[in-house]
Amino acid sequence: MGTKVLISGASIAGPALAHWLGRYGFEPTVVELAPALRGGGQAVDFRGETHLTVLERMGVLDELRRMGTGGSPMSFVDRRGRQLLHLPADFAGGDVEVPRGELAQVLYRHSLPATEYVFGDSITALEETPTGVRVEFRHGAPRAFDLVIGADGLHSNVRRLALGPERRYVRHLGYYAATWQLPNDLGLAPGSVGLNVPGRLASVGADHRDPGRAGAFFLFASPELAYDRHDIEQQKKLVRDAFAGLGWEVPRLLESLREAPELYFDSISRADVPVWSTGRTALVGDAACGATIGGMGTGTAVVAAYVLAGELARARGDHRAAFARYENTVRGYAEGCQKGGDRTGPFLAPGTAAGLRVRNGLLGRRWILNRMLELGRKVGSTIELPDYEAESAAH
């Protein structure tokens, strides 16, 4: 019987880790609070040789390229709809860009043959024993596992239970972001066009798969807000209040928000966790080293999942050695990628009119865009990836 590993979170890092653990003979179980895989969401991208190498070794790169969006151009306009700045598709789209929900589906399918998925439940307690971890759930009966991995995002439940409250590790970066789906009544093309005023961005673009649908993306500067993360109506009100009084298409977009059945709303924050494991519990992806937007979190998640599974396989049962080697291999790389998230809010919605003019002037020059793309690819390729399957075959 293989090592039983409980993974909390079925977004990106969790299914990616389950896929690799299954290939190495482990018995992964993924528990997810949502009743099913989450669909929708913004497009996510992969940049640089490291990301592409992991996707190729997973056997999903060609599939993701086929479903790729081709990148998402971005245009910024003023209150009268006049274009201030246009960013081409390759600037935001990296080497491969796919809708987040479709990426989650691909990783889920590839992990499914060796993975048990439990939806609509969450972990409530962890108790380490001499031989494993006793886990209690909100709904299911207690179970025993050899290891527990938190792949449950910036607001990680596992991190809270194993290492302490979120306030110790997550820092607010001064902005909030919201996304939701709506009918494409404006006849928009794929990509996004948005109103940019100091401290606020209200943007919308057609769905890459369904031209009759569109996605809104709103971002605004704000001190840290107190709200219920599970109260969607309260979050909708926060968005409406933040964008009240703006012109262009903002009133129509806010009206669509009233009927939206789902809303993603969160602060732009980053997680800084001094140690990524304790005993038989470890963190991966945003739970360990996350940035809400712009920190290459999706690419870092698949890389970290690859390394964590590989080190567990290499260690042959010594989880302490595996966790230490995993963190030693990934931490510097992940922190380098994470720094991009610190700049996301000020880049998308500079706080002053002068800041908007400076950004637009700089990014209106193609050579500066090319330089930024080059730097992004370099940051995404600053890690030496062991070939764990080749090592295993050699033994």
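A crossing of two helices is called left-handed if the near helix is turned anticlockwise from the far one by less than a right angle, and right-handed if it is turned clockwise. Helices here are DSSP runs of H or I with at least four residues, strands are runs of E with at least two, and both are numbered from the N terminus. The model is predicted; local features need pLDDT of at least 70, side-chain atom pairs count only at pLDDT 80 or more, and totals for chains, interfaces and linings use all residues. Residues are numbered from 1 along each chain as its sequence is written, and side-chain values use heavy atoms, with hydrogens and water left out.

Helix α10 (residues 297-315) passes helix α11 (residues 319-342) in a right-handed crossing. Their axes lie 8 Å apart, at an angle of about 160 degrees. Axes are lines fitted to C-alpha atoms, for helices over the stretch in contact, and angles run from 0 to 180 degrees between N-to-C directions. The pair is therefore roughly antiparallel. That label applies over 145 degrees; under 35 counts as roughly parallel, 65 to 115 as roughly perpendicular, and the rest as oblique. Contact means heavy atoms within 4.5 Å. Among the α10 residues that meet α11 are Thr300, Val307, Glu311 and Arg314. The α11 side includes His319, Phe323, Tyr326, Tyr333 and Cys337. By class, this contact has 13 nonpolar, three polar and three charged residues. Ala, Val, Leu, Ile, Met, Phe, Trp, Tyr, Cys and Pro count as nonpolar, Asp, Glu, Lys and Arg as charged, and the others, Gly among them, as polar.

Helix α10 also meets α1. The axes of α1 and α10 come within 8 Å and cross at roughly 30 degrees. This crossing is right-handed. Ala13, Ala16, Leu17, Trp20 and Leu21 of α1 face Ala301, Val302, Ala305, Tyr306, Leu308, Ala309 and Leu312 of α10 in the contact. The contact of α1 with α10 holds twelve nonpolar residues, no polar and no charged.

Helix α1 (residues 13-23) packs against helix α2 (residues 48-58) at about 50 degrees, with axes 11 Å apart. The two are therefore oblique to each other. Their crossing is left-handed. Ala16, His19, Trp20 and Arg23 of α1 meet Val54, Arg57 and Met58 of α2. These residues divide into four nonpolar, one polar and two charged. Helix α2 is mostly covered, with eight of its eleven residues buried. Buried means under 20% relative accessible area, exposed over 50%, and partly exposed in between (1.4 Å probe, protein chains only). Val54 and Met58 are among the buried residues of α2. Just after α2, Gly59 takes a positive phi of about 85 degrees.

Ser111 belongs to helix α5 (residues 100-111). Its relative accessible area is 2%, so Ser111 is buried. Beyond four places in sequence, Ser111 touches Pro15, Ala18, His19 and Tyr117. The side chains of Ser111 and Tyr117 make a polar contact of 2.6 Å. A polar contact is a pair of N or O atoms within 3.5 Å; within protein, one must be able to donate a hydrogen and the other to accept it, and residues adjacent in sequence count only if both atoms are side-chain atoms.

Asn196 lies in strand β13 (residues 192-197). Its relative accessibility is 3%, so Asn196 counts as buried. A polar contact of 2.7 Å joins its side chain to that of Arg359. A polar atom of the Asn196 side chain also lies 3.1 Å from the backbone oxygen of Arg200.
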